[in-house]
Amino acid sequence: MSTPFPFTAVVGMDDLRLALLLNAVSPAVGGVLVRGEKGTAKSTAVRALSALMPEVATVAGCRYSCDPAAPDPGCPDGPHGNAPGISRPARMVELPVGASEDRLVGALDIERALSEGVKAFEPGLLADAHRGVLYVDEVNLLHDHLVDLLLDAAAMGASYVEREGVSVRHAARFLLVGTMNPEEGELRPQLLDRFGLTVEVAASREPGQRVEVVRRRLAYDADPAAFAARWAGEESALRERIGTARALLPEVRLGDAALLQIAATCAAFEVDGMRADIVMARTATALAAWAGRTEVLAEDVRQAALLALPHRRRRNPFDAPGLDEEKLDDTLEEFGPAGPDDPDDPAGPDGPDDPDGGPGGGPGGPGGGGQPPASGPEAQDTPREPASGQDDTPARPEAGSGPRGSGAGEQSAVRAAEPFRTKMLSVPGLGEGAAGRRSRARTEHGRTTGSRRPRGALTRLHLAATVRAAAPHQRARGRSGPGLVVRRDDLRQATREGREGNLVLFVVDASGSMAARQRMSAVKGAVLSLLLDAYQRRDKVGLVTFRGREAAVTLPPTSSVDAAAARLESLPTGGRTPLAAGLLKAHDVLRVERMRDPARRPLLVVVTDGRATGGQDPVALASRAARLHASEGTASVVVDCESGPVRLGLAGTLAADLAGTAVTLDELRADSIAGLVRDVQGTRGGGNGTTGIKHPRRAA
């Protein structure tokens, strides 16, 4: 087994270390979600926590880690009676993003259950993580069906496995820790709320601290055992302090004044439900115990709010998590009791006991509450005065500045109109892509549509088909009793149909014609609405824009719809309309994505008024580029942005070339009275068809 990087050797990241330590003191806090850019040692810090966790007493031989003092009466390995107990280190169980459902919850041997009538159950990762830590790296990329299983286990403290009437239940209480890079997509709100605390991490911009990070990492890579030995004393001290805080935790008093501050803070920030209040109360109590106190103070409540509320304030996927600290301080002051403490001393009259924290002291020092004090190289990072003769006012971009080839007449970015609920767009046919909520696909979950012989291990039994396959052979197999004699060849796997996620590639016209009559604001609002729909349906999204003399991939395909929304918000307009360049650039993007992920089917959404200018015969070029997409069977929808009393209908012509459909901005709304067909009818044979939402009036 490899030697983990010592927790106390992690440089900086005070909030992350504090959040992890509070969960070690009080697992009831509910886990930690770590958000941050790649390469910031998120996973290193989380994995280092396992060495600090107290040992766990378990029943000898129990695969479900039952506590000998209070064994689970429904344990599949029980009843345990007076079975002896043993101590072992707390487990850090990692859930891979690509894990199967059976690997997570456990697998039941259906063949033995049918033929022998026994429950041959192999526990999964949830059983391994019971009374330990379940760690999910890149938790935002976890498939929906695994997220659902995690939510069920976290809510009930137990895991249920049911296969064709055979049921197994076991306890599954664990500390959930997840790491994620927000650029790769956000979490579903239900799972986001299950994490007690959240922290944002970023690489330090202070050269001295970066030097220390590199120095320690190189020393660890050269000799992990020797490096860990140098930090053994600090690790032992921190482990002892965690144990002391755990022992003190039941004695900590959460007074009415602190409870009022917690409730007032959650109400002031308009968080949903009551989970935030409960998590804040548990976090503030853990902070007091960590500081060696038996009374929760105002600084504990403040620090608890900073850790427990930011991810609960998001109202839609495009809201950045965060907390207005000035508003927080005002709320705490308004509902806090007046005291003799010096208001200028955030640590109270006694001041912080250990301002530096120390390698074994943990972030925040023994004072516990409030923001961790700056120390070490970070404390030297002070703002610099501008040089003499220099103006520190940010320079405004010159008119017409922007991407090369934008052309004259460029206008600054306009704000998007209010998003709305859109009608569903889907890809025709039956796919086999990643689970999602958009287009029909063969999936592991959904309604049963038929059966087949299993390829490999049987995961979903089709009982009726299995009985039909075994019935004709019962006399030849010597059946004598009421039971059915089932052989391996009789088993049938259920085939199911559900929904998949698609790649929704937006091709947005940002030329000068779109800037007229404030049209771009409505266009951005429509695209923002479609992005919100893509987030809810678990799609990947990409953004291609065209204006001036060229097209550009503004955002390569990604699962982060909020990144797409940010790029869209800052998109300027102006110049000519190179429609053909935009369609060809989209073709290049889709060609690459087909090689990367052949199972994920694309949906092309072209947002334009259909005009094409610039170069020789731009209309013919755009028509040829559109027919290139049609020849490859790409499902397409044209969102017609033309407005005014006189309309040329060019978007309808473009949709016909794409073998797709055209919808106006008005008809895109879910509450529009226009009759729209939900699922797209694919083009078959040589005739014209539709590959997007069907428009009630097709262009000729």
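Biologist: In which strand is Asp640 found?

Modeller: This is a predicted model, in which local features need pLDDT of at least 70, side-chain atom pairs count only at pLDDT 80 or more, and totals for chains, interfaces and linings use all residues. Residues are numbered from 1 along each chain as its sequence is written, and side-chain values use heavy atoms, with hydrogens and water left out. Helices (H or I, at least four residues) and strands (E, at least two) are DSSP runs, numbered from the N terminus. On that basis, the strand that holds Asp640 spans residues 635-640 and is β19.

Biologist: Is Asp640 buried or exposed?

Modeller: Buried means under 20% relative accessible area, exposed over 50%, and partly exposed in between, with a 1.4 Å probe and protein chains only. Asp640 touches Thr608, Asp609, Ala651, Val663, Thr664 and Leu665, leaving aside residues up to four places away in sequence; contact here means heavy atoms within 4.5 Å. Because its relative accessibility is 11%, Asp640 counts as buried.

Biologist: How many disulfides are there?

Modeller: A disulfide is a pair of cysteine sulfur atoms within 2.5 Å. The cysteine sulfur closest to that of Cys62 is in Cys75, at 3.7 Å, which is too far for a bond. For Cys66 the closest is again in Cys75, at 3.7 Å, also too far. By this rule the number of disulfides is 0.

Biologist: What is the relative accessible area of Cys66?

Modeller: Cys62 is buried, at 11%. Cys66 is buried too, with a relative accessible area of 3%.

Biologist: Against which helices do the buried residues of α11 pack?

Modeller: Helix α11 covers residues 256-268 and reaches 18 Å from its first C-alpha to its last, close to the 18 Å expected for 13 residues; the expected span is 1.5 Å times one less than the number of residues. Its buried residues are Ala258, Gln261, Ile262, Ala264, Thr265 and Cys266. They pack against α12 (275-290), α13 and α14 (325-335).

Biologist: By what distance are the C-alpha atoms of Leu306 and Thr198 separated?

Modeller: Leu306 belongs to helix α13, residues 298-308, and is buried at 13% relative accessibility. Thr198 is 108 residues apart from Leu306 along the chain, and their C-alpha atoms are separated by 8.7 Å.

Biologist: Which residue forms a salt bridge with Glu94?

Modeller: Side chains of opposite charge can pair when their charged atoms come close. A salt bridge is a side-chain nitrogen of Lys or Arg within 4 Å of a carboxyl oxygen of Asp or Glu, and the count by this rule is 28. Glu94 lies in strand β4 (residues 92-94) and its partner in helix α2 (residues 42-49), so the pair ties together parts that are 47 residues apart in sequence. With the closest N and O atoms 2.7 Å apart, that partner is Arg47.

Biologist: How far apart are the closest N and O atoms of Asp193 and Arg275?

Modeller: Arg275 is partly exposed, at 31% relative accessibility. Asp193 and Arg275 form a salt bridge, and the separation of their closest N and O atoms is 2.4 Å.

Biologist: Is Arg600 buried or exposed?

Modeller: Arg600 forms a salt bridge with Asp597, with the closest N and O atoms 3.3 Å apart. Asp597 is partly exposed, at 27%. Arg600, with a relative accessible area of 16%, is buried.
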